[in-house]
Amino acid sequence: MLYKTISKANFKVFINEVIAGNVTIAPKMTDKDSEGNPVYQFQQVYAFDEIALNYTKTYSSLKNFFLPFKESLSTFQFDKNEWKQKIEYSIHPRVIVGVRACDINGLLKLDNVLMKGKYPSPYYVARRTNTFLIGLDHEPMADCFCQSLNSDEALHGFDLFLTDIGDKYFMQINSSKAFNLFKNVQINDIETEDEEKYIAEKKRIASLFKTRVAITGLSNLMDIEFESDVWKKWGDKCLSCGTCAMVCPTCYCFTVTESIDVSLKFALKEKVLYSCNLVDFAEVAGGHNFRPEPATRLKYRFYHQHRGFVESYDEPKCVGCNRCGIACPAGINPIDVIHDLRMEDVK
Amino acid sequence: MSYEIPRENIAAEPFMAGPPDFNRKSRLMQTDKVYECMITNIVELTDMEKLFHLKIMDPGESRLFTFRPGQFLMLELPGFGEIPISISGSSAIRERIGLCIRKAGKVTNMLHKARIGTKVGVRGPFGTHFPLERMVGHNILLIAGGLGLAPLRAPIYWVNEHRSEYADVAIMYGTKRPKDILFDYQFDMWGKIYNYDIHLIVEEPDENWKGRVGLITELFNEVDIDPHRTYAIVCGPPVMFKFVCNHLNQVGIPMDRMFVTLERRMHCGMGKCCRCMVGSTFTCVDGPVMDYWTVMNLKEAI
C-alpha cells in the first residue's frame, strides 16, 4: 500500500479521464422518496459532476455488479439428437467510484465464498478481477452499525481509497494498476500535516456511530435461542418477499432455471439471485419443504449470517449497512431482531 | 472401568493414499461444464423408479471421472434443469455410472421418458463419502428404507469388491409395500455370493408376501450387533434414520460410527447456492454423508 495525497481539483481531472476511457459506475441521485429525501443508486456516469460523492446510502448494494440479478451460466445448442454446451465468462473492465468501506468489506466476504476454496466461481472471478474500485470514506448514517461488525474500515479489496482531509484527499494506493494511472496526474507525498488531518478525520468518523449491535457471543446465542419466541414474533411479520436478500451486499444464494428457446434451437441455463425467505427455498422434489413457515426461514437468514458464515469464514456475513432494514416492507430490521434476541430493551 | 479414547488412524483416510497436490487450486476451473453422457441402459425397477446407466462419451473425461461411494453428481437435462442424484453403482466400473431415479419432479418426469441413447450431462462427483477405509476389519450394518437403497448400492458394491477386508455384513431393508422393493433381483446374489445376512420387511403386505411385516426397527430382533466392532450405514427418510440411529445408539455403537446421507434441494453442488444448507453447513460440501454425531448437532437436520 502506498499513501499519497491528491488535490480535489486534480482528482476531478483524474476521474474525468477515467470516465473518458472506461465504463464508470458511481452513486447518482436517481429519485426522491415520499418524504423528499434523495434516493441514490450505483449507475453508469458520464461526467464527474454527475457523481454524488456525498451520498448517504445507495438503496441497492454494490453486489449486483458482481452478482447480477440474472446471469447466463451456459447455453445448450441443439442439433437433432445432439447438444453442445457453451460457457462464456468474459466481461469488459469497468471502474466503480465512491464505494463505502462497508460495501468493500461486503465484496471481501463474497470473495471468500466465490473466489477462494475448492470451487471458485469463474463468473464472479471474471467480474471481480475486471473491476477497478475507488473507495471513499464517509460519515455514518444514524442506522449504520458497520462499526459493530468491524466493517467500517476497508483494509484491502480496493484499488484506491480516499479520505477527505479538507482541500485534498488522503489516498491509499493498493494496486499497481492504480499507481500506473497516476503517471500523468500530480499526486503528492504525505506530509505531517496531512497525517494529522487524516487521523483526526478517522477519529471524527468513528465517533459518529450512533447504532451499536452487540456481536460478542452472538454465534452461540443463535444456537441457544434456536427455539426462541423471538423468531416467531418477527417471523409472523415477515411477508416472505425476499427484498432483504436483494439489497444485501453479501447475500449470494441463487436458483438455476433452464428454458428452451421458442425456436427450439437452444436452451438457456440461467442463475437468478434468490432469497432464503422465499417459500420454496428448501423445498425438495416430491413437495417436502424443510422450512415451511416464514419464521423458520427468517431465523435461517440470521442463523446463516451470524452462525453458519462465522463457522466457515470466522466472521459474520453481515456488514452492518442496514439496507435490509430500510428496504423491508414489514419493518423488520436486524438491529431490533438482534436486540430482541439478546433480550435487551428495544429502543 | 477405564475410559479409553480411541486412536484416530489418519493413514486410513483416502487423502493420504496419493501424493499431495499443492499446486492444484481447484478441481476444475470449468466448474459449470458438464461431462456429456449417453444413457446406455434403462432398467425399470418399479412404477416410480428406474435405474439409468450412463457412459461418459469422451474417453479422456471418462478416465478423469472417479467417485467414492456416497458421493453424488448433478445430472443435467438441457432445457429442463439440473438435479442432484447420488451415485448408485460400482465405483470400480468407469464405463457405467448407475443412477436410480424416482419420478418426483419436472426433470425426473422428463428423464423417465428418455430412451436408450439419449444424451445427458453430469457434473461432479460432489460431496463426502462413506469412510469405507476406516471400516476395514469391522462388521458393517447397511440399513435402508425405501429409496434409501439407491445410495447404499455404491458402498455395497465396494464391499463386494473388497469382501475379504470386511467381517460380517448385514443388509436390512424396509419398504412400504412389497412392490416398492428395489433391486429385488440382487438380494439373492448378494446373499449367496457375498455371504451377506439379508433381512427384508414391509409395512403393508400383499397376499403373496411371505416375509416379515412391520417397521424396519423390528428387524433388530433378528440381528446380533457387536457394538465394538460394527459400523452402520443408514439411508432413508429422516424419520426412519432417527429411529434407527437412536436404537443403534442404545445398542452401544458410537455415534461417529453411524453414517447417514441427507437429502436437500441443490442448485450448484459446490457450496454456492445455499439451497442445501442445514444448520451452519452445506449438504453438498460437508455432506451428504455425515456421521450421526454431526447430524444430531446440526439444527434442522432431522
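Two residues are in contact if their C-beta atoms, placed from the backbone, lie within 7 Å. This is a predicted model, where local features need pLDDT of at least 70 and side-chain atom pairs count only at pLDDT 80 or more, while totals for chains, interfaces and linings use all residues. Residues are numbered from 1 along each chain as its sequence is written, and chains are lettered from A in the order in which they are written.

**View 1. The surroundings of B:Val260.** Leaving out residues up to four places away in sequence, B:Val260 touches B:Val234, B:Cys235, B:Phe241, B:Cys245, B:Met290, B:Tyr292 and B:Val295.

**View 2. An open sheet in chain B.** Here 6 strands (DSSP E runs of at least two residues) line up as β4-β3-β6-β1-β2-β5, with antiparallel pairing; two strands pair if DSSP finds at least two bridges between them. At the edges, β4 (81–86) and β5 (97–102) of chain B each pair on one side only.

**View 3. Strands β1 and β6 of chain B.** Welcome to a closer look at one pairing. Strand β1 (residues 35–44) runs antiparallel to strand β6 (residues 119–126), and 4 bridges join them. B:Tyr35 has B:Val122 in β6(B) as its bridge partner.

**View 4. Where chains A and B meet.** Chain B brings 33 residues to the contact and chain A brings 35 residues. On the side of chain B that touches chain A, the elements giving two or more residues are β4 and β6 of chain B. That side of chain B divides into 9 nonpolar (Ala, Val, Leu, Ile, Met, Phe, Trp, Tyr, Cys and Pro), 12 polar and 12 charged residues; Asp, Glu, Lys and Arg count as charged, and the others, Gly among them, as polar.
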